Amino acid sequence: MILADILFKQGFGTRYDCRSIATSGAVSIDGRELTDPDEDFDLEGLVLTWRGMQWPVSDNVLIAMNKPTGYECSLKPSAHPSVMNLLPGPLRTRGVQPVGRLDWDTTGLLLFTDNGSLLHRLTHPKKHVNKVYRATLSHPAANGTCEKLLSGVVLDDDPKPVFAKAAELMAPDVLMLTISQGKYHQVKRMVAACGNRVVALHRIRVGAYELPANLKSGEWCWLRGPESVLGEGSK
């Protein structure tokens with residue numbers, strides 16, 4: 001595929017824009033600046049460099065972000081800026097979307113993809129993808145809090161109890177909680193049902209993928225494919 005078409009399919013702009021980018025030397029491969037928009041490349045394993053950033057060429061994108069506080073996981077935010085503002089233009093152009101939502105004041109692992117089937121698999125309630133959160137509580141947890149969360153608590157808008165997959169106190173006021181549903185404000189409401197309150201919430205894992213310790217707040221990284229989250233051997 002020629003360079004201009006590669007840039008177009010990766011979301012770098014209109015076809016006219018991509019031909020201009022391809023002649024400007026703004027894109028390189030292995031340190032070689034590219035200036036011929038019609039140069040042909042094998043796409044297998046191709047990695048471009050653009051603005052100092054490595055850009056693996058792929059049909060679909062899957063990335064992970066360490067979401068900071070103060071951003072909404074919405075394409076049309078209401079009270080705070082959209083988390084999409086933290087992504088480079090080409091990713092927004094090609095239509096990546098947040099995989100589920102974190103509240104504006106919740107931090108940690110947020111996935112993005114433009115793969116519709118993967119988005120469905122990771123967010124549909126029947127798929128039961130585990131999500132792990134670290135919740136800081138307003139006061140030390142009462143005795144039996146973890147047991148109560150594991151046996152099921154009733155939220156204020158649904159008589160059917162919801163269950164934690166795992167619950168462990170890391171400190172008297174720090175709870176590690178695993179859930180597989182995705183109800184609105186679920187962790188906060190589950191903790192409230194136990195007579196406590198979440199003052200800080202940080203997601204550290206989705207499925208098989210754990211937020212890297214060296215990924216700073218507001219930064220993002222490429223994931224190699226769906227198996228990064230669904231586990232090896234997934235289809």
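How many salt bridges does the rule count? The count comes to 9 salt bridges by this rule, in a model that is predicted.

**View 1. Domain division of the chain.** The predicted model is divided into three parts: domain 1 (3–56), domain 2 (62–124 + 217–230) and domain 3 (131–206). Domain 2 is given as two segments, 62–124 and 217–230. The C-alpha centres of domain 1 and domain 2 are 24 Å apart.

**View 2. Interface of domain 1 and domain 2.** The size of an interface is often given as the accessible area lost when the parts come together. Between domain 1 and domain 2 the buried area is about 650 Å². Carbon and sulfur atoms give 71% of this area. On the domain 1 side 9 residues are in contact, and they meet 8 residues of domain 2.

**View 3. Salt bridge of Asp38 and Arg19.** Side chains of opposite charge can pair when their charged atoms come close. Here the side chains of Asp38 and Arg19 form a salt bridge, with 3.2 Å from N to O. Asp38 sits in the loop between strand 2 (32–33) and strand 3 (47–50), and Arg19 belongs to helix 2 (residues 15–24). The two residues are 19 residues apart, and their pair links distant parts of the chain.

**View 4. The largest pocket and its position.** The largest pocket holds about 960 Å³ of space. Where does the largest pocket lie? Domain 2 (62–124 + 217–230) and domain 3 (131–206) both give residues to its lining, so the largest pocket lies between them. Nearest the centre of the pocket are Arg101, Gln181, Gly182, Lys183 and Tyr184.

**View 5. Lining of the largest pocket.** The lining of the largest pocket consists of 38 residues. By class, 17 of them are nonpolar, 11 polar and 10 charged. The elements that each supply at least two lining residues are strand 7 (106–113), helix 4 (116–123), strand 8 (131–137), strand 10 (158–162), helix 6 (186–193) and strand 13 (198–206). Which strand gives the most to the lining of the largest pocket? Strand 10 does, with 4 residues.

Key: Residues numbered from 1 in each chain as written. Predicted model: local features only at pLDDT ≥ 70, side-chain atom pairs only at ≥ 80, totals over all residues. Heavy atoms only, no water. 1 Å grid on protein atoms, 1.4 Å probe; cavity = no way out; pocket = protein on both sides within 12 Å on 5 of 7 lines; lining within 4 Å. Points joined across faces, edges and corners; volume = space filled by probe spheres on them. Nonpolar A, V, L, I, M, F, W, Y, C, P; charged D, E, K, R; others polar. Domains from an automatic or database assignment. Contact = heavy atoms within 4.5 Å. Buried area = accessible area lost by both parts, 1.4 Å probe. Salt bridge = Lys/Arg side-chain N within 4 Å of Asp/Glu carboxyl O.
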